[in-house]
Structure formats: C-alpha cells, structure tokens
Amino acid sequence: MPFQDCICFRLGKAARKVTKAYRDEIGEYGLTHGQFFLIVAIMEDEGLLPSELAEKTAQDRPTITGLLDRMEKGGWVERKADPKDRRSLRIYLGPRGNELRQPLLKLFEETNQKFIDRFSEKEWRLMQSFLVRLEQ
C-alpha cells in the first residue's frame with residue numbers, strides 16, 4: 001500500500017488543513033484551537049460540568065481543566081456552583097464569551113461551511129456516516 005493511501009496519513013492531513021483554516025480565523029481573538037472549540041461547545045450547551053464538557057469535546061478531564069483555567073482568567077468562561085450540589089461547578093460563558101458570542105458562532109459556521117460546500121448533500125451525509133463508523 002502506498003504511504004499516501006494510509007488512512008491515518010490521509011485523515012491527519014485533512015484534519016491539519018481544517019485546523020489551520022480555523023486557526024487562521026480565530027487568531028485575532030487570542031484563542032487557541034482547543035479553546036475555540038470548547039467555547040463553541042459551551043455556547044451550545046451552557047451549564048455543563050467539566051466532565052460533561054470533556055465527553056462532549058472528546059478530550060480528557062485534565063486538558064479541559066487547563067483550558068478552563070486559562071479561559072476563566074481571560075473572562076471567556078465562568079465556573080459557578082451547581083445550585084443542587086455546591087461541590088460541583090458548572091461552566092457558563094463569561095463577559096468576554098458573551099460579548100463575542102455572535103462573531104465566534106458566525107466564524108464557526110462560515111469556516112465549517114467552506115469545507116461542507118466541497119461535498120454534495122449526499123456526499124456530506126455519507127462523509128458523516130463514515131466518520132461516525134471510524135469513531136466507533
């Protein structure tokens with residue numbers, strides 16, 4: 001099998017191109033790639049526990065904790081005590097996250113759409129099913 005046909009190589013190459021496209025767009029906001037996707041996940045579902053965010057974003061808990069620490073210092077997110085269990089902290093957008101919600105969501109959607117537009121609707125559904133199969 002030629003090197004270029006290796007699934008790991010092809011997926012990695014495609015992932016790096018997509019990641020670079022996002023990185024080029026989010027640079028002006030001072031967010032890393034990981035922070036950007038975490039903030040988008042929080043915008044979609046505020047009030048999750050860090051463990052729930054880790055599961056949602058397919059990252060480990062220590063990585064999430066480090067990202068949240070830095071993002072909290074920058075005003076992107078806030079940790080608030082869970083009213084039902086004060087030992088637990090839930091994650092919400094902070095002042096900066098709320099202020100930039102719309103531009104960041106627009107960037108997320110437009111950048112994502114640039115890649116989706118390379119496929120027909122049928123191809124995109126197939127691509128999603130292939131990716132799900134690989135993730136299992």
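Predicted model: local features only at pLDDT ≥ 70, side-chain atom pairs only at ≥ 80, totals over all residues.
Local features need pLDDT of at least 70 and side-chain atom pairs count only at pLDDT 80 or more, while totals for chains, interfaces and linings use all residues. Residues are numbered from 1 along each chain as its sequence is written, and side-chain values use heavy atoms, with hydrogens and water left out.

**View 1. Salt bridge between K56 and E44.** A salt bridge is a side-chain nitrogen of Lys or Arg within 4 Å of a carboxyl oxygen of Asp or Glu; by this rule the count is 13. In the K56–E44 pair the closest N and O atoms are 2.8 Å apart. The pair links distant parts of the chain, twelve residues apart: K56 lies in helix 3 (residues 50-57) and E44 in helix 2 (residues 33-44). Helices here are DSSP runs (H or I, at least four residues), numbered from the N terminus. K56 is partly exposed at 32% relative accessible area, whereas E44 is exposed at 62%. Buried means under 20% relative accessible area, exposed over 50%, and partly exposed in between (1.4 Å probe, protein chains only).

**View 2. Salt bridge between R79 and E72.** The closest N and O atoms of R79 and E72 are 2.6 Å apart. R79 is partly exposed, with a relative accessible area of 23%. E72 also counts as partly exposed, at 31%.

**View 3. Salt bridge between R87 and D85.** The two side chains meet at 3.0 Å, N to O. R87 is exposed, with 76% relative accessible area, and D85 is partly exposed, with 23%.

**View 4. Network of E44, D45 and K56.** Salt bridges with shared partners join these three residues into one network.

Definitions and conventions:
Helix = DSSP H or I, 4+ residues; strand = E, 2+ residues; numbered from the N terminus.
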